[in-house]
Amino acid sequence: MDLEIFSVQNEDSKKRLDAYISSKLENESRNYIQKLIQDGNVSVGGKVETSKKYKVKGGDSIEVSIPEPEILKVEAQDIPIEIVYEDDQVVVVNKPRDMVVHPAPGHKDGTLVNALLYHCEYLSSINGIIRPGIVHRIDKDTSGLLMVAKNNFSHNFLAEQLKDHSITRKYMAIVHGNIKENRGTIEAPIGRHPVDRLKRWVVTKNSKHAITHFKVVERFGDYTLIEAQLETGRTHQIRVHMAYIKHPLIGDPLYGVKKEKINIVGQALHAKTLGFIHPKTKEYLEFDSQLPEYFSHILEKLRNSKK
């Protein structure tokens, strides 16, 4: 375990504890530092301080204990995955639909993490033994591009871009109904559904700010192909926002229609474009992916039905 010791100067008085430590440990994310505080790894004047909102004072002696990375215990599995890009800092993967990103109850193996552990010699450990390298997730039935961090520095760098909404994330989706507008923006807060705990929904209490931009790519009468771009990244955001404006994704088991005319299991949603600033080179990288076969097959059927 590493120990960092800081002496607070008068000009830093009244700063929040997490903000002060962030200014000293520039390679660590604010979320990581807040977790260190919460877990009792920060002391002020020899006493453990677990409030991130504590206001530091000139003369305070602050000790930060940084735990050693946990040894990863999830089993590596030889599962084929499509690597779109890889270097010593990051990996960009094109995840197939029907693959869970990381182990969870009911999905102990066969996940993207199991495949990554086999493919990569090392991954970041910030999210613990269950989610090594995972900076952001997409749902099991959503296909498309994901970025994965190989070390903690890269993980923090990418996570900060997610936090300040500078990551480019564009999705293709097929939704119910004919969207009349050519483009639009949905700005509505998302939180837990008040009744169904499996769902998220647009609520004002205990919610987070959420913004989705969309534009119409093609219309099929009763259906519309859209490109949705995330400004924020809340759980189920595109699915919730499109259902909220009465255009749910086809096949969506949580937010879709009860009687689906199109034969599909799981929502038609593909993370097509991903762009970010590289942690090491500081170069902007952008990647694009082909629509998967299931998605193209549905589009072909819809186009034929128009003829």
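**Figure 1. F276 within strand β15.** F276 lies in strand β15, which covers residues 269-277. The model shown here and in the other views is predicted. F276 has a relative accessibility of 0% and therefore counts as buried, the limit being under 20%. Leaving out residues up to four places away in sequence, F276 touches V90, V92, M147, L158, Q161, I167, E283, Y284, L285 and F287. T168 is 108 residues from F276 in sequence, yet the two C-alpha atoms are 6.4 Å apart in space.

**Figure 2. R169 within strand β8.** R169 belongs to strand β8, a strand made up of residues 168-176. With a relative accessibility of 8%, R169 counts as buried. Apart from neighbours within four places in sequence, the residues in contact with R169 are H136, L162, A228, Q229, L230, T232, G233, T273 and L274. Y54 is 115 residues from R169 in sequence, and the C-alpha atoms of the pair are 36 Å apart.

Figure 3. Strand β14 comprises residues 223-230; 7 of its 8 residues are buried, so the strand is largely enclosed by the rest of the structure. β14 runs antiparallel to β8, and 7 bridges join the two strands. In this pairing, A173 stands opposite I226 of β14. β14 also pairs with strand β13, residues 211-219, again in the antiparallel sense and over 7 bridges. Here R219 has T224 of β14 as its bridge partner.

**Figure 4. The turn between β13 and β14.** β13 and β14 form a hairpin, with 3 residues between the strands. G221 sits in the turn and has a positive phi of about 80 degrees.

**Figure 5. The open sheet of β10, β11 and β12.** Three strands form an open sheet in the order β11-β10-β12, with antiparallel pairing. β11 (200-202) and β12 (207-208) stand at the edges with a single partner strand each, so one side of each has no neighbour in the sheet. β10, residues 190-192, is joined to β12 by 2 bridges.

**Figure 6. N206 in the loop between β11 and β12.** N206 is found in the loop that links β11 and β12. Its phi is near 50 degrees, a positive value in a residue other than glycine. Most residues other than glycine have a negative phi. N206 counts as exposed because its relative accessibility is 71% and the limit for this class is over 50%.

Figure 7. H165 is located in the loop between helix α4 (152-163) and strand β8. H165 is not glycine, but its phi is positive, near 65 degrees. The relative accessibility of H165 is 37%, so this residue counts as partly exposed.

**Figure 8. S22 in helix α1.** S22 is part of helix α1, which covers residues 17-24. At 16% relative accessibility, S22 counts as buried. A polar atom of the S22 side chain lies 2.9 Å from the backbone oxygen of D18. Beyond its neighbours within four places in sequence, S22 is in contact with R30 and I33.

**Figure 9. The whole chain, for orientation of the close-up views.** The chain has 307 residues, of which 48% count as buried. It contains 6 helices and 16 strands. The C-alpha trace spans about 75 × 45 × 40 Å along its principal axes. Of the contacts with a separation of 6 or more, 64% are between residues 24 or more positions apart. The chain exposes about 16,300 Å², and carbon and sulfur atoms supply 47% of this area.

Terms used. Residues are numbered from 1 along each chain as its sequence is written. This is a predicted model: local features need pLDDT of at least 70, side-chain atom pairs count only at pLDDT 80 or more; totals for chains, interfaces and linings use all residues. Side-chain values use heavy atoms; hydrogens and water are left out. Helices (H or I, at least four residues) and strands (E, at least two) are DSSP runs, numbered from the N terminus. Buried means under 20% relative accessible area, exposed over 50%, partly exposed in between (1.4 Å probe, protein chains only). Contact means heavy atoms within 4.5 Å. Accessible areas come from the Shrake-Rupley method with a 1.4 Å probe; for residues, only the protein chains shown count as cover. Two strands pair if DSSP finds at least two bridges between them. A polar contact is a pair of N or O atoms within 3.5 Å; within protein, one must be able to donate a hydrogen and the other to accept it, and residues adjacent in sequence count only if both atoms are side-chain atoms.
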